[in-house]
Every structure is written in structure tokens, then in C-alpha cells.
Amino acid sequence: MSTYTENIRKITVRHLAEMKQLGEKITMLTAYDYTMASIIDQAGMDVVLIGDSASNVMAGNLTTLPMTLDQMIYHGRSVVNGVKHAMVIVDMPFGTVSGNPMKSLEAAIRMIKETGADALKIEGGEEIIEDIRKIVNAGIPVMGHLGLMPQSVNKYGGYAIRAKDTAEADKLLRDVQLLQEAGCFGVVLEKIPAELAKKATAQTTMATIGIGAGADTDGQVLVVQDMLGMNKGFAPKFLRKYADIHTVMTEAVQGYIKDVKAVDFPNKEESY
Ligand code: KIV
């Protein structure tokens, strides 16, 4: 299948806006290291996200809250080194954008300078809108993140679907408008009713990227370990698993153990 972005050397915010206009879906997947990022990029992904979900899938933490700016910079740099074609977006971790625009700008500039990423993703709406405005005004492209915001998990008391009631749905639609006015080029909509995501997508010129938000957003994002089936225990309704890498890896590792124990590896051809 030919796609809008296949002949573009490097995808930018301008291309995402054009894809929204043309109605071509935007593909986005997370990566946290060089090797995975290279594979995803060469496979033809539009956007690679260095999510602070690195806290869960790379570090084994229960939440994204412990992730630091330095740790995100390390993952960000590693991914940027592996990506040539896709747009690269990196998450600002918990506590780095929280209502002090000058401090937020300093952290944002450090993130862009030290990772080489193309843009930032920031969780939150009205409460941090001045921070976002300041960062965008400094020339840094920003993607918002509304709906289920994992950095606020302790405020919600869990990871349940958000914006099911009218008050929260109305606030989300207001926040979409505010993010657009602040200059964001896109917004992730996480775990909200499909009808609400459709409405938000229709009301904004920003590219909307859904995860657990139905089929009517401008694009989709998943965590790469989840869609590759690496986490056996993680199976939310919105997740489609495209491989069973947990089984593939387990069998490969067991094969290696068996061969070493049996003195079958290395053989003569594998020795100097
Ligand atoms: O941190 C992350 O991986 C994310 C995506 C799930 C959107 O924010």
C-alpha cells in the first residue's frame, strides 16, 4: 500500500497537518532504545514516541512518576540515533511541566538540545497552558496529552477510562481548544469514549492520536512492547497484539540454554 509519507525524507509537523487534511491515518509507536527505534523507523512508521512509559516497560516501575528528565534524555538520545525518517517526539516526565512556565521552558530546551528530538509531548490542559504557550513560543513543537493522563494516576486512583461523564467530557473539549490556541500541533487522546474522541477530532485542526479512543482519531499510538506481545499479563480491551514475541524470545533463550549445556554451542564453524 502506498502512503503519503513514504517518499518524504523526514516527517515534520507540516506533514502531520497535511495527513489530517487528506484523511490519511498517522501511525505512531513508542521506542526507548536505538535498536528498536531503527526497526520501527525502517518499517515505515510516521512518528516514534519516546514515552515515559519507559518507566513501566524498561524500568519495571508500577507508574510513570519516577521517570526523571535525565532518564528521558538518555532514552530520547538513543532513539534519535536510530531514526532517520519518522518524526521523533519525546515525553516531558512528571514534574517538569507543572505551572512554572520559565522552569518548564528550561526543562524543554534541555530535552530538545540533549536528545535532538523533533518535538515534545506534555500531559495536561488548562492547568499548564501558560507553560505550553511559553515552550511553543520558544520554537519547540508540542503535542498535548488528554483523557487518561498516567502522570495523574494517583489523582484518579487508577487507570480506568476517563471523561465518561458530561463535566469531564466538556472539560476535555475545552482543553483541546486551549491546546490548539496555545499552538500545539497535535494531541494524544488516551482511554476515552470513541464518540468523544470523534467530536474532539472534528473540532480541532490539531492531529489527534488515539490510544483506547476508537477509530475516528487522526492516528493511533501503542506501546511497542504491548503490541509485540512481550508483556503476557497486559491485555486491555484497546490493545491488539501483532506478535507473540514473549513466546518467540522464551523459545530462543531456552534453545540457547539447551545448546550451551549440551556443549553443542559453539560448534567448530562458530569457533576461531
Ligand atoms: O508514555 C507513553 O507511552 C504514552 C503513550 C501511551 C501515548 O504516553
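Modeller: Please do, and bear in mind that this is a predicted model. We begin with a definition: a patch is made of residues with over 30% relative accessible area and no salt bridge, and nonpolar side chains such as Val, Ile, Phe and Tyr are joined within 5 Å. Here Val253, Tyr256, Ile257, Val260 and Phe265 form a nonpolar patch on the surface. Together, these residues have about 450 Å² of accessible area.

Colleague: Why is Tyr256 called exposed?

Modeller: The relative accessibility of Tyr256 is 52%. Exposed means over 50%, so Tyr256 counts as exposed. The residue lies in helix α11, which spans residues 245–261.

Colleague: What makes Phe265 partly exposed?

Modeller: Phe265 has a relative accessible area of 37%. Buried means under 20% and exposed over 50%, with partly exposed in between; therefore Phe265 is partly exposed.

Colleague: Why is the pair of Tyr256 and Phe265 given the name that it has?

Modeller: A search of the whole structure finds 1 aromatic pair. In that pair, the ring centres of Tyr256 and Phe265 are 6.0 Å apart and the ring planes stand at 65°. Centres must lie within 6.5 Å for rings to pair, and planes over 60 degrees apart count as edge-to-face. The pair is therefore edge-to-face.

Colleague: What kind of peptide bond joins Phe265 and Pro266?

Modeller: The bond is a cis peptide bond, with omega about -5°. Pro266 is placed in the segment after α11. Val263 is also found in the segment after α11, and its phi is near 50°, a positive value in a residue other than glycine. With a relative accessible area of 71%, Val263 is exposed, because exposed means over 50%.

Colleague: How do you know that Lys10 and Asp118 meet in a salt bridge?

Modeller: The side chains of Lys10 and Asp118 meet at 3.0 Å, N to O. A salt bridge requires a side-chain nitrogen of Lys or Arg within 4 Å of a carboxyl oxygen of Asp or Glu, so this pair qualifies. The pair links distant parts of the chain, 108 residues apart: Lys10 is in the segment before α1, and Asp118 is in the loop between α5 and β4. The structure holds 12 salt bridges.

Colleague: Why are Glu114 and Arg110 said to be separated by about one helical turn?

Modeller: Glu114 and Arg110 are 4 residues apart in helix α5, which means a separation of about one helical turn. Their side chains meet in a salt bridge at 2.8 Å, N to O.

Colleague: Which residues surround the ligand?

Modeller: Among them are Thr30, Leu49, Asp52, Ser53, Asp91, Lys121 and His145.

Key:
Residues are numbered from 1 along each chain as its sequence is written. This is a predicted model: local features need pLDDT of at least 70, side-chain atom pairs count only at pLDDT 80 or more; totals for chains, interfaces and linings use all residues. Side-chain values use heavy atoms; hydrogens and water are left out. Patches are made of residues with over 30% relative accessible area and no salt bridge: like charges are joined within 9 Å, nonpolar side chains (Val, Leu, Ile, Met, Phe, Trp, Tyr) within 5 Å. Accessible areas come from the Shrake-Rupley method with a 1.4 Å probe; for residues, only the protein chains shown count as cover. Helices (H or I, at least four residues) and strands (E, at least two) are DSSP runs, numbered from the N terminus. Buried means under 20% relative accessible area, exposed over 50%, partly exposed in between (1.4 Å probe, protein chains only). A residue is near a molecule or strand if one of its heavy atoms lies within 4 Å of it. Rings of Phe, Tyr and Trp (its six-membered ring) pair if their centres lie within 6.5 Å; planes under 30 degrees apart count as stacked, over 60 as edge-to-face and the rest as tilted.
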